[in-house]
Amino acid sequence: MPTDYACQAAAEQAARGIAPVRALLLPAQRSAPAQQEEVSVVIRSFMGPGAGGRPPAPEDSAPRVEPVGAPMGAAVLLSFLDGLRADLSGALVDWYSSIPAQLPVTLGASGAEPSDRSPARLPNGWQSLADLQSNAQDVLTVLSSRPRDGQQVGPAELSWRLALLEDAFSGALRRMGIPDQPAADCAAELTVATGSLFGLNRPTPRSAPAQHSPSY
């Protein structure tokens, strides 16, 4: 089972990875303008024009976007683990098609409706981290219990399954209007964070340019 520290670190990495996409999906939430105080006719005539109320403070009209924290990152990773289960059960297409409806709900979009087929993962404080730990263990149990002619589940299988999820998630983000590079970067970050729950490390992103030796 992944350690508490591994889950915390993975959730924080996922939060950093999903933050740019959330900023693109969710418009800046502006606070409602401050309600002006009513001023009596006598005082208004004495003070002159513009005395009908107090103008809102400058900060009241500034965009306010809640930061992406570890619980939200954990909720997104739980969705990734759902994708692993879907891949193992032959339902990856259903998981892929549900992302545009579920992800905005997970990220806190106002007015977003979760899919009726499978409810969206919602941030739930520190409970999300506990769920992340138990769900990762459940995925390992499913992987290890499948008939494999006596062979144990190795990191290679997890790696290519996560690579498949990365491509699917990146494609779903592009369908939602996210530009190619932010979609690819987010999917790669979430894949690395999910892999870290299972002890997988991929220090060099797949999208990194190949290093060529200089020619003389």
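Biologist: Before we start, what makes two aromatic rings a pair here?
Modeller: Rings of Phe, Tyr and Trp, the last by its six-membered ring, pair if their centres lie within 6.5 Å. Bear in mind that this is a predicted model.

Biologist: Thanks! How many aromatic pairs does that rule give?
Modeller: The count comes to 2 aromatic pairs.

Biologist: And how are the rings of phenylalanine 80 and tryptophan 95 arranged, stacked or edge-to-face?
Modeller: Their centres are 6.1 Å apart and their planes stand at 90°, so the pair is edge-to-face. Planes over 60 degrees apart count that way.

Biologist: Which helices do those two residues sit in?
Modeller: Phenylalanine 80 belongs to helix α3 (residues 70-89) and tryptophan 95 to helix α4 (residues 92-106), so the pair ties together parts 15 residues apart in sequence.

Biologist: Is phenylalanine 80 buried or exposed? What about tryptophan 95?
Modeller: Phenylalanine 80 is buried, with a relative accessible area of 1%. Tryptophan 95 is buried too, at 9%.

Biologist: Which residues form the aromatic cluster?
Modeller: Phe80, Trp95 and Phe169 form one cluster.

Biologist: Back to the helices, then. How do the axes of α3 and α4 cross?
Modeller: The two axes come within 10 Å and cross at roughly 165°. α3 and α4 are therefore roughly antiparallel to each other, and their crossing is right-handed.

Biologist: Which residues make that contact?
Modeller: From α3 there are Met72, Ala75, Val76, Ser79, Phe80, Asp82, Gly83, Ala86 and Asp87, and from α4 there are Leu92, Trp95 and Thr106. So Phe80 and Trp95, the edge-to-face pair, take part in this helix contact as well.

Biologist: Changing topic: at what angle do helix α1 and helix α5 cross?
Modeller: Helix α1 (residues 4-25) and helix α5 (residues 127-145) have axes that come within 10 Å and cross at roughly 115°. That makes α1 roughly perpendicular to α5.

Biologist: Is that crossing left-handed or right-handed?
Modeller: α1 passes α5 in a right-handed crossing.

Biologist: And who touches whom in that contact?
Modeller: On the α1 side, the contact is made by Asp4, Cys7, Gln8 and Ala11, and on the α5 side by Leu129, Leu132 and Gln133. By class, the contact of α1 with α5 has 4 nonpolar, 2 polar and 1 charged residues.

Methods. Residues numbered from 1 in each chain as written. Predicted model: local features only at pLDDT ≥ 70, side-chain atom pairs only at ≥ 80, totals over all residues. Heavy atoms only, no water. Phe/Tyr/Trp six-rings, centres within 6.5 Å; stacked < 30°, edge-to-face > 60°. Helix = DSSP H or I, 4+ residues; strand = E, 2+ residues; numbered from the N terminus. Buried < 20%, exposed > 50% of the residue type's maximum accessible area, 1.4 Å probe, protein only. Axes fitted to C-alpha atoms, helices over the stretch in contact; angles between N-to-C directions. Parallel < 35°, antiparallel > 145°, perpendicular 65-115°, else oblique. Left-handed = near helix turned anticlockwise from the far one by under 90°. Contact = heavy atoms within 4.5 Å. Nonpolar A, V, L, I, M, F, W, Y, C, P; charged D, E, K, R; others polar.
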